[in-house]
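Please open the model in your viewer and keep the selection tool at hand. The stops below move between packed helices and open pockets.

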Amino acid sequence: MSDYIVRATAAAGQIRAFAANTKDVVETARKDHNTSPVATAALGRLLTGGAMMGIMMKGDKDVLTLQIKCSGPIGGLTVTSDSKGRVKGYVNHPEVMLPANAQGKLDVGGALGLGVLSVIKDLGLKEPYVGQTELKTGEIGDDLTYYFASSEQVPSAVGLGVLMEKDNTVRQAGGFIVQLMPNAEEEVIEKLEKNLAQITSVTELLDQGYTPEMLLEKLLGDMDLEINEKVPTSFYCNCDKVRVGKVLISLGEKELQGMIDDGEPIELNCHFCNSNYNFSVDELKELLELARK
């Protein structure tokens with residue numbers, strides 16, 4: 001498998017960890033949405049974090065949504081994932097261009113500016129769980145770290161990265177999430193902090209040929225690391241014409257009749273994968289019949 005996530009534990013269960021390679025996921029998103037380099041980096045980081053957080057859920061039908069609403073020129077981002085490693089997402093303004101930041105890197109923080117991160121977990125209960133935190137840096141990895149600590153009370157370290165080629169295709173993408181369990185001893189915490197301090201850039205390591213297993217080995221190799229599972233991850237959108245037709249039916253008879261009266265075919269776009277679906281006037285009439293039943 002090309003893109004995948006590994007799930008692991010360390011220090012006799014005092015730490016749980018995830019690491020991912022998501023190059024193909026992010027390149028698919030870049031192609032689908034024709035994103036600029038900085039928009040690719042922002043969306044790629046959120047897709048990577050979302051994919052790893054998705055497999056933390058247990059139910060087959062559980063759905064996780066990460067949504068960023070922000071003041072920066074990118075306007076906002078939305079990513080949805082499930083417990084099987086499937087993830088999809090989009091940015092509000094995929095064309096945004098910005099000069100490099102002070103470190104000479106893509107200015108994701110500048111693209112996002114101030115804002116709010118919402119984490120919505122639909123676990124099949126009456127109401128979804130919603131956690132919200134302010135963006136701390138807009139770099140996404142830091143913002144997810146803060147979310148875990150403040151909303152879920154789980155001390156975590158999140159590292160995410162996307163590296164672009166000169167032709168603006170994706171060269172590398174991936175990341176890690178390392179979390180301390182409630183029983184973590186002080187000695188384990190200190191050792192983890194020391195190991196984390198040695199990781200300066202996720203994309204640098206990926207570009208050196210590091211796999212997700214090797215990333216965790218570097219972070220937790222001296223702490224009895226155990227790889228528990230390897231899960232394929234992919235950019236996957238479940239939209240199709242039937243599903244889009246159901247959305248039109250849900251608008252109601254009056255709305256559908258208005259479209260039919262206009263006498264023109266309509267085109268609907270899926271935000272997540274940028275696919276377009278065309279409905280002729282005759283097809284709209286069929287949907288109206290279904291809406292009346």
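Angles between axes are classed as roughly parallel under 35 degrees, roughly antiparallel over 145, roughly perpendicular from 65 to 115, and oblique for the rest. This is a predicted model, in which local features need pLDDT of at least 70 and side-chain atom pairs count only at pLDDT 80 or more, while totals for chains, interfaces and linings use all residues. Residues are numbered from 1 along each chain as its sequence is written, and side-chain values use heavy atoms, with hydrogens and water left out.

**First helix pair**

Select residues 23-33, helix α1, together with residues 37-54, helix α2, whose axes come within 9 Å and cross at roughly 135 degrees; helices here are DSSP runs of H or I with at least four residues, strands are runs of E with at least two, and both are numbered from the N terminus. The axes are lines fitted to C-alpha atoms, for helices over the stretch in contact, and the angles run from 0 to 180 degrees between N-to-C directions. α1 and α2 are therefore oblique to each other. Now show the side of α1 with Val25, Val26, Ala29, Arg30 and His33, which meets Thr40, Leu43, Gly44, Leu47 and Thr48 of α2, contact meaning heavy atoms within 4.5 Å. By class this contact has five nonpolar, four polar and one charged residues, where Ala, Val, Leu, Ile, Met, Phe, Trp, Tyr, Cys and Pro count as nonpolar, Asp, Glu, Lys and Arg as charged, and the others, Gly among them, as polar.

**Largest pocket**

Which residues are the closest to the centre of the largest pocket? The pocket has a volume of about 860 Å³, and of its 32 lining residues the closest to the centre are Arg45, Lys105, Leu160, Ser201 and Thr203. On a 1 Å grid over the protein atoms alone, where a 1.4 Å probe is used, a pocket is an open set of points with protein on both sides within 12 Å along at least five of seven lines, and lining residues have an atom within 4 Å of a point. Grid points are joined across faces, edges and corners, and a volume is the space filled by probe spheres set on the points. Colour α2, α4 (141-151), β8 (156-164) and α6 (202-207), each of which supplies at least two lining residues; β8 gives the largest share, eight residues.

**Second largest pocket**

Next, centre the view on Cys239, Val244, Val247, Cys270 and His271, the closest to the centre among the 15 residues that line the second largest pocket, which holds about 280 Å³ of space. Here α8 (241-250) gives the most to the lining, with four residues.

Finally, select α9 (residues 253-262) and α10 (residues 281-292), whose axes come within 9 Å and cross at roughly 160 degrees. α9 and α10 are therefore roughly antiparallel to each other.
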